[in-house]
Amino acid sequence: IAGYVDLLPTMANQGELTPAAKAITFLGGVCFVTASAFFLVRYQTRGDMDDLLFANQTLLFGGAGMLFADSNMWDASWWFWHVVRLFAYFLVFGQCFSIYYSMEESLRGSREELQSAMASISDYLWSAEVDSQGHWQYRYYSPVVEKITGRPPEFYMQGPEQWLSTIHPEDKPRLLKVFERLRAGDPTHEE
């Protein structure tokens, strides 16, 4: 942008907004008011509170932009329109934080519900990912593993070798073949 400064219109001259600055600001305000109308119509059809929030925000920006042209730099009305814009930003930030905390609470509830459901299953459940180098990363071991093997889930999270250490020696060759297929990316279902 620094190389194109001469192409940009002058925004202020001798402490006053230039006609170009007023026109650009007014046109931006008209665009925001148009967007506000769009969000209001969409809110009426969908009922989504985000649309109402954006309708209010764009209306505040639009009003500030359209009426800003009638203010003089540094006078009370000039500051007022800046405060209106700042209020619009705070309105959106408040909504964003509200949505974030609501989603976080919902996620926490879902996680607790899933953990409760997983803990109530009497079968030994586990989940792992194998990367392209064949390294295992365990994601989950059900608490039931401790009832079955006498070892806590954390013991098994260290890697497949820990799990293999608890397998009967006669079963190890078959399980090693299953591990090799999984490492190679061949999906399998084994019991």
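**Entry 1: surface.** The model I examined is a predicted one.

**Entry 2: charges.** I counted the charged side chains and recorded 14 positive and 23 negative ones. The centres of the two sets lie 4 Å apart.

**Entry 3: secondary structure and overall form.** I listed seven helices and four strands in the protein chain. Read from the N terminus, the order of elements is β-β-α-α-α-β-β-α-α-α-α. I next asked how spread out the chain is relative to a compact globule. The radius of gyration is 31 Å, well over the 16 Å that the globule rule gives for 191 residues, so the chain is more spread out than a compact globule. Along the principal axes, I noted that the C-alpha trace spans about 90 × 45 × 30 Å. I also looked up the contacts with a separation of 6 or more, and 33% of them come from residues 24 or more positions apart.

**Entry 4: nonpolar cores.** Which residues make up the largest nonpolar core? I found 11 in all: Trp136, Tyr138, Tyr141, Val145, Phe155, Tyr156, Trp163, Leu164, Ile167, Leu175 and Phe179. I traced the elements that give two or more residues to this core, and they are strand S4 (136–141), helix H5 (153–156), helix H6 (160–164) and helix H7 (172–183). Strand S4 provides the largest share, with three residues. Apart from this core I located another, of seven residues, including Ala21, Phe68, Trp78 and Trp81.

**Entry 5: Phe155.** Leaving aside residues up to four places away in sequence, Phe155 touches Gln162, Ser165 and Thr166.

**Entry 6: Ser36.** I located Ser36 in helix H1, which covers residues 19–46. Is Ser36 buried or exposed? Its relative accessible area is 2%, and buried means under 20%, so I recorded Ser36 as buried. Which residues does Ser36 touch, not counting those up to four places away in sequence? I found Ala55, Thr58 and Leu59.

Methods:
Residues numbered from 1 in each chain as written. Predicted model: local features only at pLDDT ≥ 70, side-chain atom pairs only at ≥ 80, totals over all residues. Heavy atoms only, no water. Rg over C-alpha atoms; globule rule 2.2 N^0.38 Å. Contact = heavy atoms within 4.5 Å. Lys, Arg positive; Asp, Glu negative; His and termini not counted. Charge placed at Lys NZ, Arg CZ, Asp CG, Glu CD. Core = buried A, V, L, I, M, F, W, Y, C linked by side-chain atoms within 4.5 Å. Buried < 20%, exposed > 50% of the residue type's maximum accessible area, 1.4 Å probe, protein only.
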